[in-house]
Amino acid sequence: MNLTLKIWRQKDANDKGKMVDYPITGIEPDMSFLEMLDVLNEALINKGEEPVAFDHDCREGICGMCSLYINGEAHGPDRGVTTCQLHMRMFNDGDTIYIEPFRAAAFPVIKDLVVDRSAFDRIQHAGGFISVNTSGNTIDANAIPVNKHDADTAFDAATCIGCGACVASCKNSSAMLFVGAKVSQFALLPQGKVEATDRVLNMVKQMDEEGFGNCTNTGACEVECPKGISLENIARMNREYLKAAFKG
Amino acid sequence: MALDSRTPKGPLADKWTNHKNNINLVNPANKRLIDVIVVGTGLAGGSAAATLAELGYNVKAFCFQDSPRRAHSIAAQGGINAAKNYQGDGDSNYRLFYDTVKGGDYRSREANVYRLAEVSANIIDQCVAQGVPFAREYGGLLDNRSFGGVLVSRTFYAAGQTGQQLLLGAYSALNRQIGRGKVKMYNRHEMLDVVVVDGKARGIIARNLVTGEIERHSAHAVVLGTGGYGNVFFLSTNAMGSNVTAAWKAHKRGAYFANPCYTQIHPTCIPVSGDHQSKLTLMSESLRNDGRIWVPKHMEDVKAIREGKLKPTDIAEENRDYYLERRYPAFGNLVPRDVASRAAKERCDAGYGVNKTGEAVYLDFASAIQRYGKEQAHIKGLNENDAALIKKLGQEVIKNKYGNLFQMYEKIVDQNPYETPMMIYPAVHYTMGGIWVDYNLMTTVPGLYAIGEANFSDHGANRLGASALMQGLADGYFVLPYTIGDYLSNDIRTGPISTESPEFEEAENNVRNRIETLVNNNGTHSVDYFHKKLGKIMWNKVGMSRNAKGLAEAVEEISALRAEFWKDVKVPGTANEFNEELAKAGRVADFLELGELFAKDALHRNESCGGHYREESVEESGEQKGEAKRDDENFKYVAAWEYKGEPKDAVLHKENLVFENIELKQRSYK
């Protein structure tokens, strides 16, 4: 396959940045999207140019480090996958592909396609945990049975990989799918109920401080989420938040 | 220095309790005066950093990723073992200990493994308390599944994403401490040296990967939870960033490196599809519960398949060679990983590989689909002779069990594994070798600790499935936080460690010089060019099957490649910016040293044990003819290498392994 890539290049956070064209040849349909970028980078290095910076690590769709906004979609045109699991067979010979970073005020660009998603970490610092110390004498794991449906729903929420596709896809740059998933996981489990009030208030407060927008129920986040995190998690977070707000 | 494992005296089952009762503690007020650096935030590093902070120490934690949650523990699929005996099937601490020592082919330290088994149950309790959503049964209690090489069901799991859920548990504990200010987290930072002052590890030199800044960080002790070195093979199931650099720098500062040649090559991975391949993807071992592994019996069928004239489903039952069932009737498709991998290689080397490169075998779910389909039809009172219905019902069962893995396979290979067999081939997955540690998990450098996959301690020459997660969390939650107190109790009056010492100066200069050399080298080949070459040497000569001639060649070739690297590598960009190529260059430079030591260690160990298979050491007759032959008389020891400049000059120290509670036997799966 021969392709034309239009890639966002930005030297650092202070640079203005621009789209640059790169023709590329000899791409095989079995390559992953990131392997296609590896081929480009190898060619750039050999020509003495700077390779394109992008985040990636596990390359099996679970670490959440890869990002990329491809032809106007977070993680590209395939569904239920991250960019590292997107394969070139999804494209046609002769295609032009636009590659941009995830864009949001709360995700500043570090370089080229690499963005700073540490706002997600800070939201978790504010309350994304159950306050239990490590000790050798916690109660037995089977001492509290958990309804299977609740356990499975908590698990579904917990499969969020924290990639930020929801934020990048949202016209408001809202992080409510991400925060809702964490709030839901703990709200559904008996262990998490004790701190439920503080957790949701603290996490939402931090989310707002980081500059994420609000949810207007468009649902783009759910469509683009590589892990299929459901919008129900946002509804559950809203209920938790209301409950907590009334409690004060 | 003599190698003293500092294993406590007394009966096996009492050692850990006695040891905890007798070691020194640091009182809570004094813990506030002590700093600890933890490098790596996977299951081992993340859990250790959180626990040390809960105890009251001041922790600085480092990871090269953009968030601690990205560490590669996250990719573990199948599960975590624990001797809970919830199934009432006869499990116990002793049985988990026994299975682990035997599975490791009797090359691990008894006392460490027993302690691991002993704390395993606490791990599950701890994780559940943190809100880790393990799979449950309808009664609300935790579910278990079985894994290869054992006779009980002791594996806890969260669908095919157990590693992710456990890591998010450790990450949440870490977040709580970051929020309290007890952990200072340094994301996108890479450790580039250990600083040793007056014989003790007192800090690290790190590079800020965003700005390129070189930073000095001091502490009273340094803990490495930096994972394994499988990427020395270039292609592995490790993450792209997984590297040996932290462990290798520790080695260069005096930490012995133990058993580097013990590498696990996992039998069920998606085969290489071309030269562009950047990494390999694992398909969980749990698939072998229902999948049958085969290649065609006849060479003409193999050829027809490769040419696309026949499909695997066209090959009649009698023309298939279910070689694991044929060779190992007792364990069949569930032989341990090392055995299954070698058997696949044997068939492919003989020319029976089923893809275009000749390096793939089939993993076929058709019989399981039939079996489950009939069972479901029977349960539901439907027509058991309706072939289409049976297939549909059977596929539904398989989808419930392995849906996410089948989806992943289809996305990568573009074939539907419900309709046609999967193609699989072995790939490098885990490294049992690592930094040598004593019973307290301290390296040969006082104050420098290694935990999780980074150390060598618990898995011997072969790791059992679902035991890596167990060891990472055992070390980080339950072992290190106790044992480190014994060492730190001598530091309560030391006060803060200055970074203005000649030792910090020297280490920083070293790091700077090396970076300058790399960015100014202006060679002709990229970092990946060298990394791929190294990977080819490793895979061909130090891979699944090794011999003296190939290993000796590998030592020479790696040494020559390293010289070529330093002469000819090309690193674009500058030192003072976000520069992924520069970071990669440093890692590959270290792999080029480790690779040689790896080959040297494999050459010296003239026996076959676990994942290390020497063609010179096989059973020559009897029922076990052709199988791996261990040599307990000459090799029942840990090989710990001391750095002396070039890898070829490394000096061997032996820790003899003593087995008082377990009888050494040949592993037979016939």
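This is a predicted model: local features need pLDDT of at least 70, side-chain atom pairs count only at pLDDT 80 or more; totals for chains, interfaces and linings use all residues.
Local features need pLDDT of at least 70, side-chain atom pairs count only at pLDDT 80 or more, and totals for chains, interfaces and linings use all residues. Residues are numbered from 1 along each chain as its sequence is written, while chains are lettered from A and ligands numbered from 1 in the order in which they are written.

**View 1. Two domains of chain B.** Domain 1 of chain B spans 268-428 and domain 2 of chain B spans 517-635. These bounds come from an automatic or database domain assignment. The C-alpha centres of the two domains lie 31 Å apart. Each domain of chain B gives five residues to the contact (C-beta atoms, placed from the backbone, within 7 Å).

**View 2. The domain 1 side of the contact.** Helix H10 of chain B, residues 337-349, supplies four residues, the largest share of this side. Helices (H or I, at least four residues) and strands (E, at least two) are DSSP runs, numbered from the N terminus. By type, the side has three charged residues (Asp, Glu, Lys and Arg), one nonpolar (Ala, Val, Leu, Ile, Met, Phe, Trp, Tyr, Cys and Pro) and one polar (the others, Gly among them).

**View 3. A five-stranded open sheet.** The strand order in chain B is E11-E15-E14-E12-E13, with antiparallel pairing (at least two DSSP bridges between two strands). E11 (263-269) and E13 (320-321) of chain B each have a single partner strand, so one side of each is left without a neighbour in the sheet.

**View 4. Inside the sheet.** Three bridges join E12 (residues 292-296) to E14 (residues 361-364) of chain B. Ile293(B) stands opposite Leu363(B).

Key. Two residues are in contact if their C-beta atoms, placed from the backbone, lie within 7 Å.
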